Each structure stands twice: as structure tokens, then as C-alpha cells.
Amino acid sequence: MSEQRMSPWVLDTRELGRRPGLSRRMHRMVHTQVALGVEGVIAVPKGAEVDLDVLLESVVEGVLVTGTAHAQVEGECSRCLDPIRGEHVDVEFTELFAYPDSATEQTTDEDEIARLVDDLVDLEPVVRDATVLALPAVPLCTPDCAGLCPDCGGKWADLGPDHRHETIDPRWAALTERFSTDRDD
């Protein structure tokens, strides 16, 4: 448990007591221990700074945590493969951390709801889950990215509007060869 206490993602709720209606606002900058997302595709990279703004509210069954997280993401455009840098992700989250021996803790499975452990809440899994869901499934460098030419692999934005590859239908290839030979003679 001492490792959990040392994590900047862990918040102490003892100041709230267990009296419903008490609340406490917190602002904290934390660094990710692991990438949040899929590295190489789109993610908040390991070691990135995450800006947390959190409201802790004491309720009958536990501590309700609502807040926002803001972080910079890095990745690769799924169409042209250019790097994506400088983009941000903003997420909102709400999670109930149940008190030990509360009705909520006793009537839910362990993986259904978070629990308070020694009056501490660990926000890392909550922020990670919210961030992963907020990241685009198909990251793009720009909304109108044209991608790559399927024939030569060049980036359409760099190739220009006149770029083409002449392809001949294989059914007509024999005729093309015959006529091009006749013209050359």
C-alpha cells in the first residue's frame, strides 16, 4: 500500500470524513507511468504531463469523484503515416469509490465498482479508461488528409492533382503490345 500512497494519482479522502455532503476540489499535475492508448497509433505518451481538476464529494455509499483530465497526445496519421504531435485530449470522468462494508461494496462484484482502500482513491485507472475511449479510432493529421497513392506510395498532398499511374487492363495487354510494336516499326 505504501507504493500506492506515493503515486501522484492517489488522493487522500480523509479530510472529507464520512459525512455526506462534504466536498473538496483538487487540482494536480501528474506524469503518466505508462502510455495511455496505443503507442505508435495514438496515445498520451509515457512520462507526459496530465492536468487533473477533480471534485471529491462524500456521499452515503462512498466518495464520488468527478473531474477532467487534459493531456497532449502523439501518434501517426492512419492515412499518410505522418506523425501527429501537439494534439490534445480532454476527458471528463465520474467514478464512485465505495466505502469498505457499504451496501454498494457488498452488493457489487469487485470489478464493477472502484473501492476506497485506506481512505485513498487511485485515479490512474479511471483517467486511463476515459482517455482511451476519447482517443480517435482512426487518427488523422488533418480532417481532409488524402493519404498515400496506392501505386507509388507517395503522399497525395505532395504529388499534386495531375499525378496518375497508367494501368492497362490485363485483358487488353496483348492488343496494346501488338499495336505499340506496329507503330514503332
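Is Leu-55 buried or exposed? At 19% relative accessibility, Leu-55 counts as buried, because the cut-off for that class is under 20%. The model is predicted. A search of the whole structure finds one cavity of 30 Å³ or more and five salt bridges.

**Leu-55**
- Leu-55 sits in strand S5, which spans residues 49–59.
- Between Leu-55 and Val-65 the C-alpha to C-alpha distance is 5.8 Å, while in sequence the two are ten residues apart.

**The cavity**
- The volume of the largest cavity is about 30 Å³.
- Its lining consists of Leu-36, Val-44, Val-50, Ala-69, His-70, Ala-71, Val-89, Val-91, Val-127 and Thr-131.
- Three elements each supply at least two lining residues: strand S6 (62–76), strand S7 (83–98) and helix H3 (124–134).
- S6 contributes the most, with three residues.
- Sorted by class, the lining holds eight nonpolar residues, two polar residues and no charged ones.

**Nonpolar surface patch**
- Ile-168, Trp-172, Leu-175 and Phe-179 make a nonpolar surface patch of about 420 Å².
- Leu-175, one of these residues, belongs to helix H5 (residues 173–184).
- Leu-175 counts as partly exposed because its relative accessibility is 39%, and that class runs between the 20% and 50% cut-offs.

- Side chains of opposite charge can pair when their charged atoms come close.
- Lys-155 and Asp-82 form a salt bridge in which the closest N and O atoms are 2.3 Å apart.
- Lys-155 lies in the loop between H3 and helix H4 (156–159), and Asp-82 lies in the loop between S6 and S7, so this pair ties together parts that are 73 residues apart in sequence.
- Both partners are partly exposed: Lys-155 has a relative accessible area of 22%, and Asp-82 has a relative accessibility of 26%.
- Asp-12 and Arg-14 meet through their side chains in another salt bridge, at 3.4 Å from N to O.
- In that pair, Asp-12 is partly exposed at 31% relative accessible area, and Arg-14 is partly exposed at 45%.
- Arg-128 and Asp-129 also form a side-chain salt bridge, with an N to O distance of 3.5 Å.
- Arg-128 has a relative accessible area of 33% and is partly exposed; Asp-129, with 43%, is partly exposed too.

Notes: Residues are numbered from 1 along each chain as its sequence is written. This is a predicted model: local features need pLDDT of at least 70, side-chain atom pairs count only at pLDDT 80 or more; totals for chains, interfaces and linings use all residues. Side-chain values use heavy atoms; hydrogens and water are left out. On a 1 Å grid over the protein atoms alone, a cavity is a set of points where a 1.4 Å probe fits but cannot get out, and a pocket is an open set with protein on both sides within 12 Å along at least five of seven lines; lining residues have an atom within 4 Å of a point. Grid points are joined across faces, edges and corners, and a volume is the space filled by probe spheres set on the points. Helices (H or I, at least four residues) and strands (E, at least two) are DSSP runs, numbered from the N terminus. Ala, Val, Leu, Ile, Met, Phe, Trp, Tyr, Cys and Pro count as nonpolar, Asp, Glu, Lys and Arg as charged, and the others, Gly among them, as polar. Patches are made of residues with over 30% relative accessible area and no salt bridge: like charges are joined within 9 Å, nonpolar side chains (Val, Leu, Ile, Met, Phe, Trp, Tyr) within 5 Å. Accessible areas come from the Shrake-Rupley method with a 1.4 Å probe; for residues, only the protein chains shown count as cover. A salt bridge is a side-chain nitrogen of Lys or Arg within 4 Å of a carboxyl oxygen of Asp or Glu. Buried means under 20% relative accessible area, exposed over 50%, partly exposed in between (1.4 Å probe, protein chains only).
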